[in-house]
Amino acid sequence: MPQLAVGVDFLSEFARLQGPVQRRTKEALAKFGEHTHAGLHLEKVSGARDDRARTIRIDQFWRGVVLAPEQGDRYVLLRVMPHDDASAWAKSHRFTVNEVSGVLEVRDVEALEQLAAESPAESDPEPERLFGTVSDADLRRLGIDEQVLTAAHTVTDEQMLDAIAPLLPENQSDVLYALASGMTVEEVWADIVAPRVPAEHIDTGDLGAAAERSRGRVALVDRPEELLALFDKPLALWRVFLHPSQEQVAYRPTYWGSAQVTGGPGTGKTVVALHRVRHLVSRRELPSKSVLLTTFNRGLADALDRDLPQLLDPDERQAVQVVNVDRWANGVVRAEHGPLDLVSDDHLRERMRRAATEAEFSPAFLLDEWRHVVLAHAITDGDAYLAASRRGRGRGLGKAQKRRIWSAIERFQAGLRDDRVWTWLGIADEAARLVRARERPPFRHVVVDEIQDLHPAHWRLLRAAAPLGPDDLFLTGDPHQRIYGNHVSLRRVGITVSGRSTRLQINYRTTAEILHWSLGVLGDLPIGDLDEGTDTLTGYRSALHGEPPVLAPADMRSGEVAELATALRGWHDDGVEWGDMAVVARTNRVARRIATALGNASISTTDLHNTASALRVGTMHGMKGLEFRCVAVADVGRDSLPLPQAVTPESEDPVRHALDVQQERCLLFVACTRARERLRISWSGPRSELLPRDSHAAAGP
């Protein structure tokens, strides 16, 4: 019986097809799988560059493009397109097996030949080549074949590489991008090529075996019902299928200590964390709840809990406890002290105002000093405060000022204790103390996602949660997505990842056009990492292409929302389901106002985490861990972003002011990079200073 594999890229494209086309695609593939002779359903393509290219009839207008092997029975569905487009695509592409890695390759051979024909004549002035310092022998050793080598010789800068990358086999474009980012030949070999090199001999004519080796990019199934099940959840499949660079990190047999994985949005850090859990629980039998999988907030933890059963059988699932760090800390402290009375931020500000007898320092400044110095260093007395590092606090303080500040903080903390009220950070600090005092740590392994938003009190708790040793902590995150103002040095909380840190570079979610524009939001300021250095997104890229973001200014708020409603209906008319769109703003107040106005325009809305088939509306903070086909970011005006009350006045603390503005940039960056296909930015009045001025974006409705 023929077996049909599906390219993972197509699985995401499938979600964009209109409902009737999706249904007929499933029906056609079910008939294909049931038949004992696949050739009855496949048609040869006249004039194809590769005689193994076939089309399969979906209906009168739509065709699928299928790779039919010369040997074996593994067929690969690559595209579903209108009839003429499918024929043109099948004619222009060729399928090969890489001689070094043995993976299946797809290339636009017609476009590459045209590119070679348009190369400058030898008499023309020789331009500087992007890969001019890399020898052809080294490129061939890294798996670059002759046709791609010719194309690489024409590349003069990264913009040109971006232009030709869609024409190249993905594994070869990965190599070129890595070299362009500054990696050495040996680094590229070790990080990208070597993990893909098979132990067995490579038969460059065996496409079926190549598909088997391409498990990170090809979904293999054995029965028709397995194939059809994939189409029911195509947008979640990136959480199941690993790119070789991700697989190498997730399934490394052992890390001799804590390990860290960083990378920009959409690089698959969360999927790596999930697969690391799978590795930890599948290699040996573990007691119930001996692995902690945790993250910053409850919504993210709930998402991890939903995804984990896709990877673990029920017995393995019993070994893992999934809970966000604050909820776990709350349970630890509640077991010791009984019910806990939490106070709001407004209540805290009022308490600090009463505790501060000196007009020299505002309650906001003192609360930040308490969070980022006192709680960060677990300070319990005035001498320790006088000696403490104030990293990230820009306002210099003399000893007399520090003594007055400590007196205010001491009164503030005494009031919390006397009234038996708690804050989330106070709970985390107390939980760390209680867990450290236990005879043995509660977990064998701890896997933490979204590490950039955790406070030092959280880190002290997590460090105490598992014994020091191999595979104790596995950490994933991105400092460029830090949206809660916590700046941490891992080594200062007893966690060392030196020599065990990996950076992922390929975005599998967002188009290159959206990504390029969103990177402009971050500006040129350096972003601090989690170990007292700076983080970089050098080499970070997307292999996907689509429409540029749309910038939509309006004269008035009412006009902005009216135009937004028109744009949303346009997306829906293009086949995007309402539940695959999101509208976000900086604050809950504005998000609620927009939701009400859209409701009045007969567009049903729901909150971001609701699974109902309605338009999702919420805040930028709420977008963490989510993704949508289309995202509209609204109210991005000068008076809304940066949010004035979220930014420390420069006169009060210039360093904190800069960090707060940077945090607002990161927040907008997070919101924009949740979009997979379309991004729309709107505002009324003057535009926000955070929006990039020199950017590739379209004016829109």
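Trainee: Which residue's side chain meets that of Asp660 in a salt bridge?

Mentor: The partner is Arg656, with N and O 3.2 Å apart. A salt bridge here is a side-chain nitrogen of Lys or Arg within 4 Å of a carboxyl oxygen of Asp or Glu. Please note that this is a predicted model, in which local features need pLDDT of at least 70, side-chain atom pairs count only at pLDDT 80 or more, and totals for chains, interfaces and linings use all residues. Residues are numbered from 1 along each chain as its sequence is written, and side-chain values use heavy atoms, with hydrogens and water left out.

Trainee: How many residues apart are Asp660 and Arg656 in helix H26?

Mentor: They are 4 residues apart in H26 (residues 654-672), which means a separation of about one helical turn. Helices (H or I, at least four residues) and strands (E, at least two) are DSSP runs, numbered from the N terminus.

Trainee: Is Asp660 buried or exposed?

Mentor: Asp660 counts as buried because its relative accessibility is 7%. Arg656 is buried as well, with a relative accessible area of 5%. Buried means under 20% relative accessible area, exposed over 50%, and partly exposed in between (1.4 Å probe, protein chains only).

Trainee: Which residues do salt bridges with shared partners join into one network?

Mentor: Glu105, Arg107 and Asp145 are joined in that way. The salt-bridge count comes to 29.

Trainee: And what does Asp471 pair with?

Mentor: Asp471 forms a salt bridge with Arg276, and their closest N and O atoms are 2.8 Å apart. Asp471 lies in the loop between H22 and S15, while Arg276 belongs to helix H13 (residues 269-282), so the pair ties together parts that are 195 residues apart in sequence. Both Asp471 and Arg276 are buried.

Trainee: How many residues of helix H22 are buried?

Mentor: In H22 (residues 456-465), 10 of 10 residues are buried. Among them are His458, Trp459, Arg460 and Arg463. Their cover includes strand S10 (291-294), helix H16 (325-337) and helix H21 (424-436).

Trainee: Changing topic, how many aromatic pairs does a search of the whole structure find?

Mentor: The search finds 6. Rings of Phe, Tyr and Trp (its six-membered ring) pair if their centres lie within 6.5 Å; planes under 30 degrees apart count as stacked, over 60 as edge-to-face and the rest as tilted. Phe361 and Phe365 are stacked because their ring centres are 5.6 Å apart and their planes stand at 20°. Tyr385 and Trp406 are also a stacked pair, with centres 5.8 Å apart and planes at 25°.

Trainee: Where do Tyr385 and Trp406 lie?

Mentor: Tyr385 is in helix H19 (residues 382-387) and Trp406 in helix H20 (residues 399-418), so the pair ties together parts that are 21 residues apart in sequence. Both residues are buried.

Trainee: Which residue lies over the face of Tyr385?

Mentor: Lys402 does, at 5.7 Å from the ring centre. A charge sits over a ring if NZ of Lys or CZ of Arg is within 6 Å of the ring centre and within 35 degrees of the ring normal. Lys402 is one of the buried residues of H20.

Trainee: What follows just after H20?

Mentor: Arg420 takes a positive phi of about 50° there.

Key:
Contact = heavy atoms within 4.5 Å.
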